[in-house]
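Subject: Structure handover

Hello,

Here is the structure I promised to pass on. Please open it first, then read the notes below.

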Amino acid sequence: MTSKEENILFAAEKLFAEKGFEGTSTREIAKAAQVNISMISYYFGSKEKLYEKLMEYRMNEGQFFSKDIIERTDINEWEKVEKIVDQFAGKVRHNKCFYRIMQREQLYTQNPQIVEFLKQTKIGFITMYSKILESGLKRGIFTKNPPIYLLHATVSGTLFYASNGKEMYKEFLNNTEGGDVFDDRYYSELNTHIKYLLKDLLGYEENE
């Protein structure tokens, strides 16, 4: 995409996250992106197509990093799992707007194109975990074979729930650290927690 096209896309992403699809107008998107409203029609055709393009763009990002990890031969299966968790957590942390949109869409979407994007993304992750698990079991890296769809649900569900509740947990802990300092520690602890869960589910510690 051109830089102007991406500029429109990312401006729209923030507005969609804040106001939802119905509550966001093309005029607001154009103003936020500092472009003429006709540019939205030129690049995307309509607000609906812009929204679909945003979903496709962000979801494809996730699939690209996943494929790179699977194909690596310099690390074992557990290390691949660790890298997936690290990168997934990083995307949830730094792309808060998109993941807010995505969670809303999983509950309420009636757009068949977005339903298909969501389905293919989940299938992509489940397929990736399946390949790693199968290889890890054959090589003795893992000793347990959990339901693969629940493995993905454990990672994504924990990440989304913890990310959404971050400010509440900060208040509960009476934490006064600056935003970035607390975020660094919070997501580091979250990553470690998820990896502990996965070690137990996969039986990895029994092989160390």
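Predicted model: local features only at pLDDT ≥ 70, side-chain atom pairs only at ≥ 80, totals over all residues.

Now the overall dimensions. The C-alpha trace spans about 60 × 40 × 30 Å along its principal axes. The chain has 208 residues, and 44% of them count as buried. Its accessible surface is about 11,700 Å². Carbon and sulfur atoms account for 50% of that surface.

Next, the contacts. Take those between residues at least 6 apart in sequence: 68% of them join residues at least 24 apart.

On charge, the protein chain carries 29 positive side chains and 31 negative ones. The centres of the two sets lie 4 Å apart.

One site to look at is the second largest pocket. It holds about 230 Å³ of space. Two elements each give two or more residues to its lining: α4 (47-70) and α6 (96-108). Which of the elements gives the largest share of the lining? That is α6, with three residues.

- Gly-20, Phe-21 and Glu-22
- Glu-48 and Tyr-51
- Arg-104, Glu-105 and Tyr-108
- Thr-109, Gln-110, Asn-111 and Ile-114

The lining thus includes charged side chains, among them Glu-22, Glu-48, Arg-104 and Glu-105.

Best wishes

Technical notes: Residues numbered from 1 in each chain as written. Heavy atoms only, no water. Buried < 20%, exposed > 50% of the residue type's maximum accessible area, 1.4 Å probe, protein only. Contact = heavy atoms within 4.5 Å. Areas by Shrake-Rupley, 256 points an atom, 1.4 Å probe, with all protein chains shown as cover. Charge placed at Lys NZ, Arg CZ, Asp CG, Glu CD. 1 Å grid on protein atoms, 1.4 Å probe; cavity = no way out; pocket = protein on both sides within 12 Å on 5 of 7 lines; lining within 4 Å. Points joined across faces, edges and corners; volume = space filled by probe spheres on them. Helix = DSSP H or I, 4+ residues; strand = E, 2+ residues; numbered from the N terminus.
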